[in-house]
Amino acid sequence: KVFLYFADRQVTYKEFNENVNRAANAFLSLGVKKGERVCFFLPNCPEYLYGWLGLAKIGAILVPINTNYKTEETRYILNHSDAGTLLVHASFKGVVEKIRPETPSLRTVLSLGQEKEEGYVPFEDALWNSSRELQPTDVGEQDLCEIMYTSGTTGPSKGVMMTHEYWVINGYGYSHPMDVQPEDRLFTCLPLFHANAQGYSTLGALTAGASLILVERF
């Protein structure tokens, strides 16, 4: 059954899980360990979902970065979260170049949507060269899954600590009262760095056995 529709791509539940496993193995091969913070600076794309849930499978922690952020906000989140790894789309690389010397905890920078370049690890290569089979990992429901930063309207953004249990409840808390059925399709044009697209659309579809239609933007 197709889980994900994105542009001309259709990804079945089986393929989706295998791609999530590939992402998990890619991060493991780069030395990402349980509890490590990994920042994503990406537009909406299937790789965002593979990476997010791949990190979840190995107990690492996603830290999404708002794609409207410039140097000051991006530097703050990278440093405040103590991120060891960053996955950035080529279109946002200019921001990263300016602040990279000021992010001492950053060990690895992965790039999406560009050819191999010094100082960057191509995420596509790491993803598709990794195994689709994943060994069981020790992850509990109270382990951190994500740190999502607030909009910072009254001062510096605050990191909201979200557990695995939180996200599962979030998904069912949408799909059950909304009576989402397996034959339904949920559409989102909202950004994946935000809780709505993650918790309601993505996990709402997953918990109902439904399908997700994702587009890059409104």
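**Exercise 1. Work out how α1 and α2 pack against each other.**

Solution. Start with the elements: helices (H or I, at least four residues) and strands (E, at least two) are DSSP runs, numbered from the N terminus. Next, take the geometry: α1 and α2 pack at about 65°, and their axes lie 7 Å apart. Here axes are lines fitted to C-alpha atoms, for helices over the stretch in contact, and angles run from 0 to 180 degrees between N-to-C directions. Angles under 35 degrees count as roughly parallel, over 145 as roughly antiparallel, 65 to 115 as roughly perpendicular and the rest as oblique. So α1 is roughly perpendicular to α2. Finally, look at who touches whom, with contact meaning heavy atoms within 4.5 Å. On the α1 side you'll find residues including Phe16, Val20 and Phe27, and on the α2 side residues including Leu49, Gly51 and Ile58.

A quick word on the model: it's predicted, so local features need pLDDT of at least 70 and side-chain atom pairs count only at pLDDT 80 or more, while totals for chains, interfaces and linings use all residues. Residues are numbered from 1 along each chain as its sequence is written, and side-chain values use heavy atoms, with hydrogens and water left out.

**Exercise 2. Find which residues touch the most other members of the largest nonpolar core.**

Solution. First, the terms: a nonpolar core is a set of buried Ala, Val, Leu, Ile, Met, Phe, Trp, Tyr and Cys residues joined through side-chain atoms within 4.5 Å. Buried means under 20% relative accessible area, exposed over 50%, partly exposed in between (1.4 Å probe, protein chains only). Of the 44 residues in this core, Phe27 and Phe40 touch the most other members. Helix α2 (residues 46-58) gives the most to it, with 8 residues. Now zoom in on Phe27: leaving out residues up to four places away in sequence, its contacts include Val32, Phe40, Leu55 and Phe123.
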